[in-house]
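The following note sets out numbered points on the model shown below. Please read each point alongside the coordinates.

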Amino acid sequence: MTLDPVHFEGIAKLARKISQDVDDGDHRELAERVWTDFLDPLVDDAGRRVVEPIGERRRRCIDVEAAALQDPPFPSTHGLDSGTINPTTFKNGLVLDVAQAAMSGCPSDLDLHRSRSLVATVHASDITVQLPENWVQYDDGYSRRRVLQAPRVSRFTEGVVHALALYLAESEHALEHADRVSDLLVLDGPLYPKELLNWQDRDAELRELAHDAKPNAIVENYVRLVEQFVDENTPLVGFVKNPSAKLITRTVGEKGVAAPWVDDTAFFTRLLERRDEPGGTRDASNRESSDEAPGSNRRTDQLTFTNWFVSRGGSDRTLAADGDALGIERELDPEAYEVTFFVVYDPREDVLYKIEAPYEFTRDAETRGRLERQILAEVAAERGPPAAVHKADALARISREGKQSLRRAFERSLGSEELRRYDDLRWNEE
């Protein structure tokens with residue numbers, strides 16, 4: 001049913017009322033203050049440098065067309081992604097999720113694109129269930145599959161099976177095909193499995209689970225991946241399309257600064273967005289009339305971006321130099337594994353991307369510059385994530401129809417129906 005005009009106008013009036021009481025006119029000044037006074041470095045209450053600039057702290061911009069036309073410094077790139085059918089609960093007590101990981105190449109490598117790593121993670125309420133977990137080759141050896149039996153938990157079952165399937169498939173596929181990468185690997189997502197690392201700050205049951213052998217082994221895969229790429233002097237980065245970290249805003253808030261941003265993405269967007277008017281630059285809150293579209297005077301001719309930072313807080317603290325790495329043995333100097341990042345704002349779509357890389361690569365100014373130019377060129381040309389990431393996403397994604405067919409296949413194989421709820425019917429119909 002469509003929204004009647006009278007009700008639409010009623011909601012619009014609510015929005016105007018809210019706008020009268022919420023004035024973000026000083027948010028840009030506050031963002032400038034946080035940038036100037038708190039990020040060189042950002043120190044938490046325990047005295048740890050949780051965010052620290054690498055080299056000079058600065059903001060830069062580049063013309064979109066110039067960025068798109070420049071020669072990328074890496075002759076070839078590879079992308080990696082993993083997609084799942086989403087957690088599914090069955091009436092016999094099983095909860096499972098299936099993930100498939102794929103690697104892309106630019107230029108294309110059809111044999112590589114054919115390869116998959118499939119993982120089905122299963123949580124069984126019956127403690128007597130024991131499932132075989134060995135890798136099995138299929139598709140003439142191009143692909144492999146395995147079952148992972150999730151550790152027993154009383155809650156968070158769906159989230160656990162989803163994370164374990166997703167990250168095991170991704171990390172194993174990356175290690176399996178690391179030798180195919182000659183210049184640069186771009187992960188679709190963060191450098192490390194943040195969802196698993198975040199379990200340490202969640203419920204007590206999840207904190208204990210974070211140190212279980214199976215999640216620990218998945219985190220170790222990422223540690224070994226970094227070591228392998230460092231050994232081969234081949235950079236790898238994580239391209240985060242939807243960054244949601246709150247490290248900066250939370251730490252600044254703990255210092256008594258009322259940070260008005262929901263997360264660090266909102267903060268950096270406010271910091272990097274540029275606006276024009278005949279008399280100079282103005283803030284979005286100074287629009288001349290309530291009917292003027294937000295962003296109507298946003299400059300869209302340039303990408304804006306920051307310098308690189310080291311991140312040692314939140315989920316990144318685990319693999320900081322002074323972190324415990326969940327007890328995983330690190331073969332390199334612990335500092336080499338630290339998460340470093342810079343952010344890029346694309347005003348054409350009004351979105352912000354976060355690019356992460358191990359400090360072992362970004363400590364070198366020349367490598368930092370090459371990574372920046374590569375990412376900027378691709379974001380400008382693709383109007384979004386790099387081509388290798390887009391390809392990997394397309395290869396790994398399981399369509400809605402595919403998910404439904406796989407669930408029906410599991411129902412037949414398990415002899416048990418999916419446990420359905422009303423919302424399953426409602427959203428499927430829509």
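1. Pro41 is found in the loop between H2 and S1, where helices (H or I, at least four residues) and strands (E, at least two) are DSSP runs, numbered from the N terminus. The peptide bond that joins Asp40 to Pro41 is cis, with omega about -5°. Pro107 is found in the loop between strand S6 (94-106) and helix H4 (110-114). As background, most peptide bonds are trans.

2. On conventions, this is a predicted model, in which local features need pLDDT of at least 70 and side-chain atom pairs count only at pLDDT 80 or more, while totals for chains, interfaces and linings use all residues. Residues are numbered from 1 along each chain as its sequence is written, and side-chain values use heavy atoms, with hydrogens and water left out.

3. Overall form. The chain has 15 helices and 15 strands. For 430 residues, a compact globule would have a radius of gyration near 22 Å, and the 23 Å of the chain agrees with this; the radius is taken over C-alpha atoms, and the globule rule is 2.2 Å times the number of residues to the power 0.38. The C-alpha trace spans about 70 × 60 × 45 Å along its principal axes.

4. Burial and contacts. Of the 430 residues, 50% count as buried (buried means under 20% relative accessible area, exposed over 50%, partly exposed in between, with a 1.4 Å probe and protein chains only). Among contacts between residues at least 6 apart in sequence, 72% join residues at least 24 apart; contact means heavy atoms within 4.5 Å.

5. Surface and charge. The accessible surface of the chain comes to about 20,700 Å², of which 47% belongs to carbon and sulfur atoms; such areas come from the Shrake-Rupley method with a 1.4 Å probe, and for residues only the protein chains shown count as cover. The chain carries 56 positive and 80 negative charges, whose mean positions are 3 Å apart. Here Lys and Arg count as positive and Asp and Glu as negative, with His and the chain ends not counted. The place of a charge is NZ of Lys, CZ of Arg, CG of Asp or CD of Glu.

6. Aromatic pairs. A search of the whole structure finds 9 aromatic pairs (rings of Phe, Tyr and Trp, the last by its six-membered ring, pair if their centres lie within 6.5 Å; planes under 30 degrees apart count as stacked, over 60 as edge-to-face and the rest as tilted). The rings of Phe268 and Phe341 are edge-to-face, because their planes stand at 75°, with the centres 6.4 Å apart. Phe268 lies in helix H10 (residues 264-272) and Phe341 in strand S14 (residues 339-346), so this pair ties together parts that are 73 residues apart in sequence. Phe268 counts as buried at 3% relative accessibility, and Phe341 counts as buried at 4%.

7. Which kind of aromatic pair do Phe309 and Phe341 form? The pair is stacked, at 5.6 Å centre to centre and with 25° between the planes. Phe309 belongs to strand S13 (residues 309-311) and Phe341 to strand S14, so that distant parts of the chain, 32 residues apart, are linked. Both Phe309 and Phe341 are buried. Ring pairs also link Trp35, Trp261, Phe267, Phe268, Phe309 and Phe341 into a cluster.

8. Helix H9. In helix H9 (residues 247-254), the residues Leu247, Ile248, Thr249, Thr251 and Val252 are buried. Their cover includes helix H2 (27-37), S1, S2, H10 and S13. After H9 comes Gly256, with a positive phi near 95°.

9. Arg48. This residue lies in the loop between strand S1 (42-43) and strand S2 (49-53), and Arg48 counts as partly exposed at 23% relative accessibility. Leaving aside neighbours within four places in sequence, Arg48 is in contact with Leu42, Val43, Arg312, Arg317, Ala320 and Asp322. The C-alpha atoms of Arg48 and Asp322 are separated by 9.8 Å, although the two are 274 residues apart along the chain.

10. Most residues other than glycine have a negative phi. Asp140 has a positive phi near 55° and sits in the loop between strand S8 (136-138) and strand S9 (143-149). Ala325 has a positive phi near 50° and lies in the loop between S13 and S14. Are these residues buried or exposed? Asp140 is exposed, with a relative accessible area of 72%, whereas Ala325 counts as buried at 1% relative accessibility.
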